[in-house]
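Biologist: Hi! Could you show me the model, and start with the terms I'll need?

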Amino acid sequence: MPTVMLDTNVIAGLLNPDDALYSHARDAVRRWEDKAASFAISVITWNGLRVGAVHKGVAAEKMLGGFRAAVVDRIVEVDETTAESAALLRAADLTVRVPDALIIATAREIGADALLTADRKFPGIAPELVELLRPS
């Protein structure tokens with residue numbers, strides 16, 4: 001069974017049908033669902049999504065909770081090995097933000113088959129892993 005890591009921007013796009021990324025994210029997730037993939041997110045992604053939902057209110061929190069229950073099979077914590085891998089990514093390119101390095105390192109550490117993202121910098125960091133989604 002393949003494992004796919006979802007980046008924060010992909011989930012944000014999936015939760016908002018008016019988002020430019022919505023249809024591309026939906027189609028990518030469906031493609032992986034057809035391959036019986038399991039979906040994982042980093043605790044870094046979960047934190048960012050929770051902050052946004054709490055800020056927006058109860059309806060957003062319920063929507064995020066429903067998405068989590070329906071789609072996300074696993075929230076992956078950052079451990080020392082992942083933190084070390086992220087540090088190596090950043091040391092090679094100090095323009096890589098800490099959350100991005102942690103998300104990429106988490107995907108690698110769990111052996112993900114793909115990392116779905118709309119972040120254009122990710123393919124340059126992890127070309128073997130990243131499936132770049134382009135908004136309409």
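This is a predicted model: local features need pLDDT of at least 70, side-chain atom pairs count only at pLDDT 80 or more; totals for chains, interfaces and linings use all residues.

Biologist: Thanks! Is Leu133 buried or exposed?

Modeller: Leu133 counts as buried, because its relative accessibility is 5%. Leu133 is found in the segment after β5. Helices (H or I, at least four residues) and strands (E, at least two) are DSSP runs, numbered from the N terminus.

Biologist: And which residues is Leu133 in contact with?

Modeller: Contact means heavy atoms within 4.5 Å. If we leave aside neighbours within four places in sequence, Leu133 touches Val10, Leu21, His24, Ala25, Ala28, Leu116, Thr117 and Ala118.

Biologist: OK, new topic. How many salt bridges does the structure hold?

Modeller: There are six. A salt bridge here is a side-chain nitrogen of Lys or Arg within 4 Å of a carboxyl oxygen of Asp or Glu. One of them joins the side chains of Arg31 and Glu131, at 2.4 Å from N to O.

Biologist: Where do Arg31 and Glu131 lie?

Modeller: Arg31 lies in helix α2 (residues 22-34) and Glu131 in strand β5 (residues 130-132), so this pair ties together parts that are 100 residues apart in sequence. Arg31 is partly exposed, with a relative accessible area of 40%, whereas Glu131 counts as buried at 18%.

Biologist: What about Glu61 and Arg50?

Modeller: Their side chains also meet in a salt bridge, 3.4 Å from N to O. Glu61 is in helix α4 (residues 58-70) and Arg50 in helix α3 (residues 43-56), so the pair ties together parts 11 residues apart in sequence. Glu61 is partly exposed at 29% relative accessible area, and Arg50 is partly exposed at 27%.

Biologist: Nice. Which residue forms a salt bridge with Asp93?

Modeller: That would be Lys121, with the closest N and O atoms 3.7 Å apart. The pair links distant parts of the chain, 28 residues apart: Asp93 is in the loop between α5 and α6 (98-109), and Lys121 is in the loop between β4 (114-117) and α7 (122-125). Asp93 is partly exposed at 28% relative accessibility, and Lys121 is partly exposed at 34%.

Biologist: How far is Asp93 from Ile125 in space?

Modeller: They are 8.7 Å apart, C-alpha to C-alpha, and 32 residues apart in sequence.

Biologist: Let's switch to helix α5. Is Thr82 buried or exposed?

Modeller: Thr82, which is found in helix α5, counts as buried at 3% relative accessibility. Beyond neighbours within four places in sequence, Thr82 is in contact with Leu102, Ala105, Thr106 and Glu109.

Biologist: And Glu80, buried or exposed?

Modeller: Glu80 is exposed, with a relative accessible area of 72%, and lies in helix α5 (residues 80-92).

Conventions
Residues are numbered from 1 along each chain as its sequence is written. Side-chain values use heavy atoms; hydrogens and water are left out. Buried means under 20% relative accessible area, exposed over 50%, partly exposed in between (1.4 Å probe, protein chains only).
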